[in-house]
2 protein chains.
Amino acid sequence: MVAIANNPHRAVIEHRVRQVVYQRLGKTLPQTAMAPNPLVVNVSARHCHLTAAAVEALFGKGHTLTVHKWLYQEGQFAAKETLTLIGPRSRVISNLRILGPCRDINQVELSYSDAIALGFDIPLRLSGNIQGTASGMLMGPEGFFELQEGVIRAMRHVHMHPADAAFYEVKAGSEMRLKIGGDCGLALDKMLVRVDPGFKLEVHIDTDEGNACNLQPDTPCELIR
Amino acid sequence: MVAIANNPHRAVIEHRVRQVVYQRLGKTLPQTAMAPNPLVVNVSARHCHLTAAAVEALFGKGHTLTVHKWLYQEGQFAAKETLTLIGPRSRVISNLRILGPCRDINQVELSYSDAIALGFDIPLRLSGNIQGTASGMLMGPEGFFELQEGVIRAMRHVHMHPADAAFYEVKAGSEMRLKIGGDCGLALDKMLVRVDPGFKLEVHIDTDEGNACNLQPDTPCELIR
């Protein structure tokens, strides 16, 4: 398992620079610069979470996931291992990325564009809440694994440290709004707040949402109540 | 050429019913019901517009497009004919729908999700403004047609009759905002206004935008200045 150091997200650098510049100039910080943490907005492309048992069924007895790239949330990573997802009409998506570490449920997160292309009818669900959702078949180099349920579109959400929740005056389960600028800007409603002392401030949207507004690292984003 | 009568869009029926009900009850019409025309929001899936010469190159000498389904805008139709689009990495999209009637330019409209899947780097453009945009290859049953340029993502826009423009107090080139409700609602900025006496009030968004908010026929939509 090799840890690859990621470059910091542009939003992180900008936040630090903004704070230092205003301090040097002896000026009052604007609202966004006063936030305890930078606002990082990332697009979650299609991926899956697996149990250790599913990893073994797909990649062989005793196999564990290897780190391809560390994600912004502490301890989370994109694995080197990928899968093929087989949809209800035998259409496939290959190179479906696995995110680690292993969880206690199996879950595939697709965009609606992915789901339509594959012929899946998937519900919008909070990650982890997979009861009664779509089934599917995963194929790995060493075997198949049938998901009885777990194929969903993940609800847009924001990870927050309690300090972020205090700054934005929200709590776990609150809904916020994310304004995204640019040539095809938009505002996403019902951005669900998730709070945990282990979380770093980060919005997760899917590829449909990211492509609708052409989200780039330098696209201005604002999180509002 | 056979004309297939489409069922009216749900928004059209609702608008008429709303007007009649308020009149019967002798109540003042709410703002939305006072609009001269219903607000129809449609998703434009990937498609292309072709010149008569391109149609002949692809489908054979003397071939003209046949109507598969009439669209909401008067005289516009989805053709029975479809094409294969070949991207820069030899990846293809098959069954690319042609919209008729023929135009004086060739233009392929894709979502960013489509473009990424095919390996195209496409710009966001107003339909018809294709100078310097991406090139591509079209394949039909009778031949190939090389597009030197014309592969774009079309800017979100709203077609309006002058009466609609007067009601919303906008003009050609204005930018509006479209609020879309539901479980994953959003508001699309920079909705470009196009005005013509031949237009019916209709918003066109692409599949990324439509899937981002899961637009359905009964999803509430509001067009605001």
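B:R18 forms a salt bridge with B:E14, the closest N and O atoms being 3.7 Å apart; a salt bridge is a side-chain nitrogen of Lys or Arg within 4 Å of a carboxyl oxygen of Asp or Glu. Because B:R18 and B:E14 are 4 residues apart in helix α1 (residues 10-24) of chain B, about one helical turn separates them. The model is predicted: local features need pLDDT of at least 70 and side-chain atom pairs count only at pLDDT 80 or more, whereas totals for chains, interfaces and linings use all residues. Residues are numbered from 1 along each chain as its sequence is written, chains are lettered from A and ligands numbered from 1 in the order in which they are written, and side-chain values use heavy atoms, with hydrogens and water left out.

**Salt bridges**

- Over all chains, a search of the whole structure finds 18 salt bridges.
- B:R18 is partly exposed, with a relative accessible area of 29%, and B:E14 is partly exposed at 33%; buried means under 20% relative accessible area, exposed over 50%, and partly exposed in between (1.4 Å probe, protein chains only).
- In chain A, the side chains of A:R156 and A:E209 meet in a salt bridge of 2.7 Å, N to O.
- This pair links distant parts of the chain, with A:R156 in the loop between β9 (143-154) and β10 (157-160) of chain A and A:E209 in helix α6 (residues 207-212) of chain A, 53 residues apart. Helices (H or I, at least four residues) and strands (E, at least two) are DSSP runs, numbered from the N terminus.
- Both A:R156 and A:E209 are buried.
- In chain B, B:E209 forms a salt bridge with B:R156, and their closest N and O atoms are 2.7 Å apart.
- The chain B pair also links distant parts of its chain: B:E209 lies in helix α6 (residues 207-212) of chain B and B:R156 in the loop between β9 (143-154) and β10 (157-160) of chain B, 53 residues apart.
- B:E209 and B:R156 are both buried.
- A:R153, A:R156, A:D206 and A:E209 are joined into one network by salt bridges that share partners.

**Strand β4 of chain B and its partners**

- Strand β4 (residues 77-86) of chain B is mostly covered, 7 of its 10 residues being buried.
- Strand β3 (residues 67-70) of chain B pairs with β4(B) in the antiparallel sense over 3 bridges; two strands pair if DSSP finds at least two bridges between them. B:K69 has B:A78 in β4(B) as its bridge partner.
- The hairpin of β3(B) and β4(B) has 6 residues between the strands, and B:G75 in the turn has a positive phi of about 85 degrees.
- With strand β5 (residues 92-100) of chain B, β4(B) pairs in the antiparallel sense over 6 bridges. Here B:L83 has B:L96 in β5(B) as its bridge partner.
- The hairpin of β4(B) and β5(B) has 5 residues between the strands, and B:S90 takes a positive phi near 65 degrees.
- Strand β8 (residues 134-140) of chain B pairs with β4(B) in the antiparallel sense over 3 bridges, with B:L138 in β8(B) standing opposite B:L85.

**Strand β5 of chain A and its partners**

- Strand β2 (residues 47-49) and strand β5 (residues 92-100) of chain A pair in the parallel sense over 3 bridges. The bridge partner of A:H49 in β5(A) is A:L99.
- Strand β4 (residues 77-86) of chain A runs antiparallel to β5(A) and is joined to it by 6 bridges; A:L85 stands opposite A:I93 in β5(A).
- β4(A) and β5(A) form a hairpin with 5 residues between them, in whose turn A:S90 has a positive phi of about 65 degrees.

**Aromatic rings**

- The structure holds 4 aromatic pairs over all chains. Rings of Phe, Tyr and Trp (its six-membered ring) pair if their centres lie within 6.5 Å; planes under 30 degrees apart count as stacked, over 60 as edge-to-face and the rest as tilted.
- The pair of A:W70 and A:F77 is edge-to-face because the ring centres are 5.6 Å apart and the planes lie at 70 degrees.
- A:W70 is partly exposed, with a relative accessible area of 22%, whereas A:F77 counts as buried at 5% relative accessibility.
- A:K200 lies over the face of A:Y72, at 4.1 Å from the ring centre; a charge sits over a ring if NZ of Lys or CZ of Arg is within 6 Å of the ring centre and within 35 degrees of the ring normal.
- B:K200 lies over the face of B:Y72, at 4.1 Å from the ring centre.
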